[in-house]
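Dear colleague,

Please look through it with the text below at hand.

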Amino acid sequence: MPALANHAFVKMNGIGNEIVVVDMRRDGAPIRADEARAAATPGGAPYDQLMALYPPRAPGTDAFVRIYNNDGSEAGACGNGMRCVADIVSRESGKATLTFETTAGVLNCWKGSDGLFTVDMGVPRFKWNEIPLSEEFRDTRAIELQIGPIDKPVLHSPSVVSMGNPHAIFWVDDVNAYDLAKFGPLLENHPIFPERANITLAQIASRDAIVIRTWERGAGLTKACGSAACAAAVAAARLRRTERKVRVTLPGGELTIEWRTSDDHVLMTGPVEVEYEGRFDPALFAQAGVA
């Protein structure tokens, strides 16, 4: 029987980033890609990311978290999803400070006096082979990549960075002036990105404010992508277009991102919301051909 059949879930969102959380700490059953895809269909609980909690593997952590995109692929990072997980485990345990392990590493989360959760997303990576890219670029603040005619490209020269997953940030004057649903899939799957990439349009509003829209790798257009907000903030600071602490506005809401000077860690702060709880109908997986 599929691991998710008749399994309880919590539907949440982080500023519109649709998140489903399942607690697998008791049975520890692995979730297959076809199950994750079936769970995201209209008959299940449509999501951008599925956050699966497993028993902790590393000493001092509260859980091991596997992250699935709605196409069944796994992600190394999801900042909005981690805030949702932190909210659930904090209410369950009474702890205001939590530590989780993901495939991208160990993340610390804590609840502020304002009730908002902050996730330490770790240190950004800039080397071409760490992002990764399929060819060498010494300066990843702007790489040679464009969409459209050579003499008049529609989008060009993105900044690239890894926040546990690969990101490309295209700087534009108006994030709403482009058909991201058209360009997103082409850029996500461009040969320069061997592991695909999250594609973000970013607009500098002021020295402490950025506006973004993101085509999320494995999920498509999203109201919010926390790691993309972090990537855009870091990339803007590297180009000296903003300060190291900014407000990032996404279609679903706002996040505060700080690229801390003391250790280069990126901190993401924002709200979460519980929408509803439910159970996955076993028939959902049978209809999808999941054995």
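**Aromatic rings and cysteines**

Both F9 and F280 are buried, and this is a predicted model, which applies to everything that follows. The ring centres of F9 and F280 are 4.5 Å apart with the planes at 35°, so the two form a tilted pair. Because F9 belongs to strand β1 (residues 8–14) while F280 is in the loop between β19 (273–279) and α5 (282–287), the pair ties together parts that are 271 residues apart in sequence. F9 and F280 also belong to a cluster, linked by ring pairs, that includes Y276 and F285; in the structure as a whole there are four aromatic pairs.

Another of these pairs is formed by F126 and W259, whose ring centres lie 6.0 Å apart with planes at 65°, so that it counts as edge-to-face. F126 is found in the loop between β8 (117–120) and β9 (146–147) and W259 in strand β17 (residues 253–259), so this contact joins parts 133 residues apart in sequence. W259 is buried, at a relative accessible area of 8%, and R238 lies over the face of F126, 3.9 Å from the ring centre.

As for the cysteines, a search of the whole structure gives zero disulfides. For C78, the nearest cysteine sulfur is that of C225, 6.9 Å away, and for C109 it is that of C84, at 11 Å. C78 is buried, with a relative accessible area of 4%, and C109 is likewise buried, at 0% relative accessibility.

Notes:
Residues numbered from 1 in each chain as written. Predicted model: local features only at pLDDT ≥ 70, side-chain atom pairs only at ≥ 80, totals over all residues. Heavy atoms only, no water. Disulfide = S-S within 2.5 Å. Buried < 20%, exposed > 50% of the residue type's maximum accessible area, 1.4 Å probe, protein only. Phe/Tyr/Trp six-rings, centres within 6.5 Å; stacked < 30°, edge-to-face > 60°. Helix = DSSP H or I, 4+ residues; strand = E, 2+ residues; numbered from the N terminus. Lys NZ or Arg CZ within 6 Å of the ring centre and 35° of its normal.
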